[in-house]
Every structure is written in structure tokens, then in C-alpha cells.
Amino acid sequence: MFGFDDSLDLPVAEMAQRVRDKDNPLTASKLVETSLLRIETLDAAYGAFLRRTGDLAREQAAAVDAKAEAGEDPGPLAGVPLAVKDNLAVPGVPLTCGSKILGEYIPPTWATSVKRAVDAGACIVGKTNLDEFAMGSSTENSAFGPTRNPHGTAFVPGGSSGGSAAAVASGMAPLALGSDTGGSIRQPAALCGITGMKPTYGRVSRNGLVAFASSLDQVGPMARSCADARALLEAIEGVDPLDATTRGYDTAAQNGVDLGSLRIGRVTEFALDDVPGGEPAQAAVERVRSALFETGATDAELSLPLVQASIPVYYLVAPAEASSNLARYDGVRYGHRAEGGADLMDLYARTREEGFGEEVKRRILIGTFALSAGYADAYYKKAMATRAALRAQFDSAFAECDVIVSATTPTCAFKIGEKADDPLAMYLCDVLTVAANLAGLPAVSVPCGKTAEGLPLGIQVWGPPGRDGLVFDVAEQLEAMDGCGYEAPEVTS
Amino acid sequence: MDIDETLVRHVAKLARLELSDDEVTGIAPQLAEIFGHIDQIQQIDVGDMDPATQDPITLEGLRSDEPGETLDPRSILRNAPQHDGAFLVVPRFFDEEE
């Protein structure tokens with residue numbers, strides 16, 4: 001790709017296997033240098049990275065190579081360059097969350113998910129751009145400027161994990177970690193033509209992930225293929241004593257399901273017939289469903305009426321939790337503090353006014369209002385009751401089908417600036433993703449062709465809680481179909 | 001739900017946000033539009049569904065209370081905007097007489 005050394009374009013398992021084999025000339029150091037060179041060359045056009053961590057990556061690569069040389073196993077991700085969303089903690093590396101309010105905050109500890117990836121041999125090449133505090137669907141809300149879509153730099157990469165998506169799509173790193181609170185892994189994956197997976201809530205530790213909405217947040221993998229994404233998920237999953245919501249689910253590894261025996265759910269409320277610009281995504285859904293039926297899989301038509309309420313429910317629950325989680329940014333413990341506060345209250349209010357961007361303020365206001373005296377019953381409690389009822393509808397649906405297949409987004413990527421002044425239009429971008437977070441379900445987006453203007457589309461496979469392996473098994477079949485799967489963008493730098 | 005500038009100022013105070021007049025003017029109609037969409041949940045009948053249900057968050061048990069390494073206080077203090085080497089420093093909020 002791009003005239004660079006192409007070992008970085010191998011499947012992750014093969015890349016790591018060559019590094020583990022000390023008789024093979026491919027080393028972790030060589031992979032890391034290739035990744036850093038690509039970032040150096042390409043990222044001026046995309047703005048995917050907020051910080052490059054070349055010294056750290058070289059140190060980690062040297063450790064992997066030393067292990068391989070000594071005959072020890074450096075792990076299943078040996079030498080694989082990894083991009084990390086900048087809301088995950090790496091000790092000693094400044095963490096911004098795409099916000100000015102954290103200043104030069106330096107985390108004292110590891111995010112468990114990142115540490116596990118590194119223990120498996122991955123090498124961190126940089127921290128990626130995001131919407132401030134992961135609040136957004138376009139990566140335009142970063143205090144450090146937008147990221148651009150590698151398939152067309154006038155377009156958004158999606159968000160909030162837009163930096164991670166652009167880094168993988170452009171070949172700068174084969175793997176990236178993102179976080180998904182309402183679609184923030186799957187939506188940018190779809191818009192950038194890569195694979196992105198939101199695991200079952202509780203499969204991956206949230207320790208060291210900066211909290212946005214704690215009952216919805218989940219860390220997950222982004223990669224060029226399902227096999228690569230699955231390899232990263234297998235490395236980071238599992239119970240963590242530092243996150244009491246983690247659970248010991250069966251591994252997400254391949255479980256050899258017979259596709260012909262599956263019932264493929266279609267949710268009536270996910271149809272895009274009335275959505276302007278929704279035709280290509282709807283056509284992609286029909287195409288992959290037909291192909292699945294050719295394998296012997298059967299059709300299950302379902303109606304989940306409460307899916308239509310998922311945007312209102314999400315935009316009450318997530319901001320309510322955020323307004324509480326973001327109370328800690330008060331000018332006392334972290335980064336930025338406003339000058340000349342007359343008293344403590346004044347210090348808080350002025351620090352937060354200066355430090356937070358527009359979208360974060362908007363969501364803090366929505367959440368504070370939804371929780372405030374006189375309104376909490378009508379908004380927050382009603383949203384939580386509706387969320388519980390929605391989850392019950394998904395439980396019933398998964399009695400009638402094994403997986404659900406839908407589009408990931410109603411449309412392909414939109415132009416940078418197009419929705420910047422219309423927050424409600426931006427929120428509606430999440431209409432096909434938020435329900436998985438509200439119900440705690442695993443869901444993966446895989447690339448499924450492009451629109452006439454050459455912009456990628458994604459198809460989403462949803463499963464019952466804990467069945468992340470099944471979701472990947474089905475998604476792998478879709479990925480292998482004609483016109484689906486990862487395609488490198490033309491270099492635009 | 002009617003959301004006007006007075007309500008926005010009240011909520012901003014609760015949220016410890018000092019919004020400028022321009023911000024209040026800009027945000028009030030946006031929040032009114034957003035809540036215009038959100039208000040559709042008032043039409044939903046969820047019967048006696050308990051809003052406090054913990055699912056999908058089920059705790060498998062809490063970790064045992066065992067002594068272990070803790071963070072170096074310096075690694076915390078160095079991130080604070082103002083400290084005296086042992087404590088975080090904030091503006092005085094009690095008068096001497098109190």
C-alpha cells in the first residue's frame with residue numbers, strides 16, 4: 001500500500017506470527033517504524049492522531065523482539081501497531097479527551113483494556129482524535145480540530161472514535177481501540193469502511209476509560225477485518241477487579257456456528273424507506289440478507305416498537321450520566337483552572353465555562369435538566385423505565401431470531417460542517433446504533449460496499465448479550481461477500 | 001416542554017456553568033427543539049416497568065478488601081492546577097471568624 005513496506009497490511013494473526021517466529025525477518029521494530037512513517041506521511045491530510053508515541057512504541061517493540069529472540073512468546077498481538085483513542089489512559093502519556101479542560105493531564109495508571117493489548121504484544125503508536133469527551137458523531141467537536149475521512153477529506157469520519165477509524169482505514173495502524181456509548185465505534189467504522197465492534201456491556205473493563213455515560217460505555221476493537229477485530233477483543237476481554245460491572249462471558253473466539261441453521265432477524269422499525277438518502281443503506285441490507293438466505297438461513301420478521309424511542313431515551317440517559325460524571329472537572333483536581341475566581345462556586349463555573357466546548361455544555365445542560373427537581377420523573381425516570389421495556393423487547397426478539405441484521409447508519413458520511421449547527425440532526429445519526437448500548441448488546445459493523453460517490457456503507461450484526469462470538473461469525477460471512485469488506489482508500493495526501 | 005432563557009440560566013447554575021448571554025440565546029432554542037423530539041417518550045405506556053432495574057448491569061460481586069499498592073500522591077498532585085505539596089489548594093470559602 002502507498003509504496004510503503006506492505007508487511008503492515010498483512011492480517012494481524014499472520015503479522016504477529018511472523019514476529020513471534022524468530023527465524024522470520026519481520027520484527028516488531030520494523031512494523032512500528034512502518035506505522036510511524038505512514039503516520040508521518042499521511043496524517044497531515046487526515047488529522048487522526050492527537051499525539052504520536054514513537055518513543056513508547058519503539059520501547060514496546062524492542063521488548064517484543066527481545067522476547068522473541070529469547071525464545072519466549074511475546075503474545076498473539078506481537079509487534080502489531082495499535083492506535084488508542086485519547087479517552088483511554090496510558091501512564092505517562094498526556095490524555096486530553098479532545099478537551100481543553102484536562103490541560104496537560106498525565107494519567108498515573110493504565111486503562112485495563114490498553115494494558116491487556118500491550119501485554120499481548122501490541123505497540124502503541126499514538127493517541128487518536130475524538131469528539132470532546134466522546135460526545136458527537138463526526139469528530140468535529142474535538143477542541144483540537146476535526147479528523148477527515150480517508151475516503152474523501154471533505155467528509156467527516158464519523159464519531160466519536162473518528163481518529164481511530166481514520167487511522168485504521170488509511171493503513172496507518174492495523175488495529176485501534178475505540179469506545180462506544182451510543183455508536184461511537186460502529187458509526188465511524190461504517191463511515192470509514194472498516195470493522196468496528198461494540199462488545200456486550202461488561203465484557204471489556206472500563207477501568208481507565210474516561211467516563212461519559214457509565215451504564216452505556218464500552219471499549220471495543222476497530223480493524224480492517226473481523227478476524228483482526230476479534231483478535232484484539234480476545235486480548236482485552238475478561239473480568240477486571242477494577243471494574244465491578246465486568247462479567248466472565250464465554251470468549252469471543254470463533255465458535256464454528258452453522259450459518260444455515262440461523263434465523264436472521266429484520267426489525268421493521270429499522271427500515272430506512274422514509275429516510276432521505278437512506279436508499280443505498282437499505283439496498284445493502286437487502287443484498288446481504290438475500291445472500292444469507294442462500295446459505296440456508298431463515299428470515300425472522302420482528303417488530304420492536306420501542307426502538308423508535310431509542311433516540312429520546314438515549315439523549316436523556318446518556319446526558320444525565322454525563323452531567324454527573326463530568327462534575328469532577330471543576331478546576332481543583334485536573335488541568336485547567338480559570339484565573340481570579342472570587343470564591344469556590346465562581347471558580348467552578350468559570351473553569352467549566354472556559355474548559356468545555358459547546359456540545360459538552362449542551363449535554364451537561366440536557367442531563368442536569370432531566371435530573372432536576374420537578375422534571376426527573378417525567379424525563380430521567382421515564383427514560384429508564386422505557387429503557388428497561390426496550391431491553392425486554394430485545395429479550396423477546398432473541399427468542400425468535402439468533403442475530404439481527406441492519407444498516408449501521410442511515411446514510412454515508414456527510415460533509416464537514418454540514419450538521420455542525422444542527423444538534424438534533426446530528427443526534428439522529430445514531431438512530432440505528434444507540435439501542436445496542438441501551439440494551440447492553442454486542443453489535444459489529446462491517447463494510448458493505450460504497451455509494452455512487454465512493455463513500456463506504458456499513459452493515460450491522462446484533463446478538464444477544466454475551467454472544468459476541470456469534471456476532472463475529474455471522475459478520476465474517478458478510479465481509480466475505482462480493483463488494484463487502486475492507487478496501488483501502490486512494491491516498492489523498 | 002417550554003424551554004426559555006430563564007430556564008436555561010437556572011439549569012446552568014445547577015450545572016455550575018457560567019454561560020455568556022450569547023450562549024444562553026443560542027442554546028435555548030436548540031434545547032427547545034431537542035426536547036420537542038424527546039417529549040415523544042411521554043406518549044409511551046411502559047406499564048409498571050421499574051425504572052430502577054439494574055439490567056443490563058449485573059454485578060457479579062464486589063472484590064475483597066485486600067491491602068495493596070496505592071498511587072503515589074505526587075502522581076495525583078502534579079495534575080492539579082494548585083497544590084502545596086500535600087494538599088490541593090482552592091480559594092478560601094470560610095471567613096476567618098467562622
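**Notes on the predicted model**

1. The strands concerned are β9 (residues 403-407) and β11 (residues 456-462) of chain A, which pair in the antiparallel sense over four bridges.

2. Stepping back, that pair belongs to an open sheet of eleven strands in chain A, ordered β1-β3-β2-β4-β6-β5-β10-β11-β9-β7-β8 and with mixed pairing. At the edges stand β1 (49-52) and β8 (298-302) of chain A; each has a single partner strand, so one side of each is left without a neighbour in the sheet. From one strand to the next, the twist averages 30°.

3. Next, have a look at helix α3 (residues 54-69) of chain A. With 16 residues at 1.5 Å a residue, α3 of chain A should span 22 Å, and the 22 Å between its end C-alpha atoms agrees with that.

4. Which residues of α3(A) are buried? They are A:A57, A:Q60, A:A61, A:V64, A:D65 and A:A68. Viewed down the axis of α3(A), the buried residues fall within an arc of 140°, so they line one face of the helix. Their packing partners in chain A are α1 (12-20), α2 (28-46), α4 (112-119) and the strands β2 (81-85) and β3 (123-128). The other side of α3(A) carries the exposed residues A:D55, A:A66 and A:E69.

5. A:A166 also deserves a visit; this residue is found in helix α5 (residues 162-169) of chain A. Why does A:A166 count as buried? The cut-off is 20 or more C-beta neighbours within 10 Å, and A:A166 counts as buried because it has 36 inside that distance. Leaving aside residues up to four places away in sequence, A:A166 touches A:Y46, A:A48, A:T147, A:R148, A:N149, A:P150, A:P157 and A:C192. Between A:A166 and A:I194, 28 residues apart in sequence, the C-alpha to C-alpha distance is 9.0 Å.

6. Finally, the contact between the chains: 54 residues of chain A and 44 residues of chain B take part. On the side of chain B that touches chain A, α1 (5-14), α2 (21-38) and α3 (73-77) of chain B each supply at least two residues. The most come from α2(B), with seven residues. Sorted by class, that side of chain B holds 28 nonpolar, eight polar and eight charged residues.

Notes
Residues numbered from 1 in each chain as written. Chains lettered and ligands numbered in written order. Predicted model: local features only at pLDDT ≥ 70, side-chain atom pairs only at ≥ 80, totals over all residues. Contact = placed C-beta atoms within 7 Å. Nonpolar A, V, L, I, M, F, W, Y, C, P; charged D, E, K, R; others polar. Buried ≥ 20, exposed ≤ 12 C-beta atoms within 10 Å, placed from the backbone. Expected span 1.5 Å × (residues − 1). Arc of directions from axis to C-beta. Pairing = 2+ DSSP bridges. Axes fitted to C-alpha atoms, helices over the stretch in contact; angles between N-to-C directions.
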